[in-house]
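Here is a short briefing on side-chain links. Look over the sequence and the model first.

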Amino acid sequence: MAGPTHTVEKIGGTSMSRVHELRDTLLIGDRPNLYGRIFVVSAFGGITDLLLEHKKSGEPGVYAAFASGEGDHGWLAALDRASEAMGAAHRVVLEHPGDLERADAFVRDRLIGAKNCLIDLQRLCSYGHFRLSEHMLHTRELLSGLGEAHSAFVTTLMLQRAGVSARFVDLSGWRDTGEVSLDERILGAMSGIDAQTEMPIVTGYAQCREGLMREFDRGYSEVTFSRLAALTGAQEAIIHKEFHLSSADPKLVGADAVRKLGRTNYDVADQLSNLGMEAIHPKAAKTLRQSGVPLRVTNAFEPHDPGTLIDDQPADAPAVEIVTGLDVFALELFEQDMVGAKGYDAAILEVLTRHKVRIVSKVSNANTITHYVDSSLKVLRRVEKDLVERFPSACVSSRAVAMASAVGRDLDGLAVLSRGLNALADAGLSAIGATQGPRQVDVQFIVERDALAGTIRALHGALVETQGRDIAQAA
């Protein structure tokens, strides 16, 4: 088991596609001691999309094609595409013919195993007593786990070839007949490993009794990462991304205008997650926070930069730390008879929960309840239909808008709401709505979708850049 001074570090999928570039910097570099670090890896970029479905476009991968039930052709062709992409990914990373041969054999063994499993499942479910739908979650987990197992195995080969005592730690439960909890899976795999003398390369997917995808879907790797850090008593949990956690998207406001956060807390991380800009999955953050493990977010390609530390400490002084935004829909239910009546809120929440619609924010008055939701239009139409059936005299409508938010550990006394609205007016923009809660950690501005980029630039200029100039002048 790891010693008390180790770190648990995660490399995301986009960075994993460039893991060969990280070999001589982040992974090895000029460190006096290579070890005392446990790495959790995601699948190579794009592989999980091919195994499941494209995260943004929804284009079917193996899982989606299999779930559609249109026979073998679709999912078998998708499996072939995934196999080719996995081979192409490890040929970028590996150079030695022996390593390439082992990686090819690994992919072949895993994908042939998955193929045979799906064929057997189809055959079994051709009998009336068995329903394919009852096995789809397990099928999704099986396929998804192939990506992380592949990238972890390939990374281990690459490091071993470079003289590192790396060990492949497979949490995917491949051909495992037992049923264990997540904690048992992790502790069992880490048993006998001394992270002070070897470098464990751990799969981001962990097969367990709880079924990680049931609750977290494709956010499971951060859950594995955080639980591993908590169980092994890590000194720090570190996420390596392709960018620094900055005050805004540099593509929107300019690389010279943004600043690295450097230090923030889990409260801000939760707000960012709510806006789709995840520093870490909120459930993973909760695990780290409750275990007293601080989180560090770094740029993988700047290994000497300490990045941003996220812990549970308050800010030294009030400040807007980050401005970000998200496209949302405003789902509005207007009912003249709502005043003084009960049950509207609960009914709306029940419908949204049933359709798995994520609520970003909510406002209400005497006869109107508006939820700002992160959803597809297709799902939202189903929600509207159910609400109209439930409240036939109500007016139910939805509108495509965007939400920009100014976030910080402590916004008290900064007049962010009024200064933000003035900044929008000065930029020739207007807000559809704006809200600030009593907790003083974020202020939200609702704008037209095509105004989001301009809104973020205006808010960042007024609330972050001006703030920075004021501090510099005072110094």
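A salt bridge is a side-chain nitrogen of Lys or Arg within 4 Å of a carboxyl oxygen of Asp or Glu. By this rule the count comes to 29 salt bridges. The model is predicted: local features need pLDDT of at least 70, side-chain atom pairs count only at pLDDT 80 or more, and totals for chains, interfaces and linings use all residues. Residues are numbered from 1 along each chain as its sequence is written, and side-chain values use heavy atoms, leaving out hydrogens and water.

**Salt bridges**

- Glu-242 pairs with Arg-18, with the closest N and O atoms 3.0 Å apart.
- This pair links distant parts of the chain, 224 residues apart.
- Arg-296 and Glu-236 meet in a salt bridge of 2.8 Å, N to O.
- Arg-296 lies in strand 7 and Glu-236 in strand 5, so the pair ties together parts 60 residues apart in sequence. Strands (E, at least two residues) are DSSP runs, numbered from the N terminus.
- Glu-448 bridges to Arg-399, with the closest N and O atoms 2.4 Å apart.

**Burial**

- Buried means under 20% relative accessible area, exposed over 50%, and partly exposed in between (1.4 Å probe, protein chains only).
- Arg-296 is buried at 18%, and Glu-236 is buried at 15%.
- Glu-242 is partly exposed at 29%, and Arg-18 is partly exposed at 31%.

**Cysteines**

- The whole structure has zero disulfides; a disulfide is a pair of cysteine sulfur atoms within 2.5 Å.
- The sulfur of Cys-208 is 17 Å from the closest cysteine sulfur, in Cys-117, too far for a bond.
- Cys-208 is buried at 5%, whereas Cys-395 is partly exposed at 45%.

Methods:
Helices (H or I, at least four residues) and strands (E, at least two) are DSSP runs, numbered from the N terminus.
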